[in-house]
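Okay, thanks everyone for coming.

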Amino acid sequence: MPEANDVLLTFIHITDTHISPDPRYNAAGGSHTPLFGAKALVKRLNALPFKADFVLHTGDVCYDPDPTAYAAARDIFAELTLPITYLNGNHDDKVALQRVLLGREPQQPRFDQEFEVNGVQIVCVDSQHTSKEVIGEVTAEQLQQLEAIAQADDPRPLVVATHHNVLPIGVPWWDEFMALENGADLHRALLPARSRLRGVFHGHVHQATQTYRDGIVYTSGLSSWYQIQTMPGQDRTIEDRTALPGFNVVTITRTQTFIRTHTYVVEIDIEG
């Protein structure tokens with residue numbers, strides 16, 4: 001374990017809450033509704049036996065671009081005792097997310113963010129495609145901005161977050177129809193920073209996966225709703241009915257990154 005004085009940052013990576021204001025809304029693979037899953041997630045995070053610095057939500061906050069869903073998400077996450085940063089996913093409306101959930105008017109067509117926590121640089125990249133429902137994209141302007149960040153003479157550890165998986169995850173169905181359309185370009189843009197890049201964190205996959213290439217690790221997180229199998233050779237969507245919802249605990253030290261996946265049980269009749 002890292003020495004206490006070596007730890008720079010600990011954050012919680014959550015993703016794909018798909019919140020609907022309708023407590024009955026569900027999918028075939030869901031053993032509980034997304035509303036109950038998100039409420040249980042907040043209770044679980046509030047009960048953690050340590051204090052994290054913040055929560056990183058890598059998108060698909062709501063089930064569809066429905067402003068009432070963001071009001072429901074706002075009420076649920078208002079109970080969270082930690083600060084939270086949101087990315088938008090392919091199911092999200094970035095305008096409603098900012099206006100209803102964050103209480104501010106959108107300032108830019110792409111909801112990119114950059115900030116620092118405890119000496120660690122955090123860069124959040126809006127990967128929502130402008131015209132396709134599921135596949136992601138980053139623009140030429142975004143790639144230029146990432147290249148500038150990656151090439152900068154900056155000693156800070158770097159964390160990057162997107163919604164879509166940047167690189168293939170080894171599942172034909174997913175890699176052909178769901179991934180970031182120009183993920184290879186984003187990967188190349190990040191390469192100059194690989195010595196200080198402590199990880200790229202994403203959602204979308206509804207499963208905990210790790211992909212390693214050229215010294216960069218890409219990590220996805222479990223949904224708080226339901227999970228999807230990611231088996232080699234899989235050519236269609238198959239829900240993983242045995243997998244529990246969960247989240248990642250990420251610790252950044254001066255020399256290492258620790259990523260631990262935790263699961264939890266959702267009580268169907270959860271209230272509050």
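Let me start with a pair: Ala-161 sits opposite Phe-201 in strand β7. Keep in mind that this is a predicted model. So where does that pair belong? β6, residues 158-161, and β7, residues 197-202, run parallel and are joined by 3 bridges. On the other flank, β6 pairs with β5, residues 120-124, again in the parallel sense, this time over 4 bridges. There, Ile-122 has Val-159 of β6 as its bridge partner. Getting from β5 to β6 takes you over helix α4, residues 140-151, and the three together form a right-handed β-α-β unit.

Now, are the faces of β6 covered or open? Both are covered. Leu-158 and Val-160 are buried on one side, and Val-159 and Ala-161 are buried on the other.

Zooming out, these strands belong to an open sheet of 6 strands, in the order β4-β5-β6-β7-β9-β8, with mixed pairing. The edges are β4, residues 113-117, and β8, residues 210-213; each has a single partner strand, so one side of each has no neighbour in the sheet. Neighbouring strands here are turned by 20° against each other on average, if you ignore direction. And lying across β6, β7, β8 and β9 is helix α6, residues 183-190, which runs at about 130° to β9.

At the β3 end, β2, residues 54-57, runs parallel to β3, and 3 bridges join them. If you want a spot to look at, find His-57, which stands opposite Tyr-86 in β3.

That brings me to helix α3, residues 94-101. Why call it largely enclosed by the rest of the structure? Because 6 of its 8 residues are buried. What do they pack against?

After the helix comes Gly-103, with a positive phi near 70°.

Last topic, the cores. The largest nonpolar core has 34 residues, and those with the most contacts inside it are Ile-12, Ile-14, Ile-19, Leu-45, Phe-77 and Phe-247. At least two residues each come from β1, α1, α2, α3 and β12. Which element gives the largest share? That's α1, with 7 residues. Take Leu-45 as an example: leaving out residues up to four places away in sequence, Leu-45 touches Ile-12, Ile-14, Val-55, Leu-80 and Phe-247. Apart from that core there's another one, of 20 residues, including Leu-143, Val-166, Leu-167 and Leu-197.

Notes:
Residues are numbered from 1 along each chain as its sequence is written. This is a predicted model: local features need pLDDT of at least 70, side-chain atom pairs count only at pLDDT 80 or more; totals for chains, interfaces and linings use all residues. Side-chain values use heavy atoms; hydrogens and water are left out. Buried means under 20% relative accessible area, exposed over 50%, partly exposed in between (1.4 Å probe, protein chains only). Two strands pair if DSSP finds at least two bridges between them. A crossover is right-handed if, with the strands pointing away from the viewer, the path from the first strand over the helix to the second runs clockwise. A nonpolar core is a set of buried Ala, Val, Leu, Ile, Met, Phe, Trp, Tyr and Cys residues joined through side-chain atoms within 4.5 Å. Contact means heavy atoms within 4.5 Å. Axes are lines fitted to C-alpha atoms, for helices over the stretch in contact, and angles run from 0 to 180 degrees between N-to-C directions.
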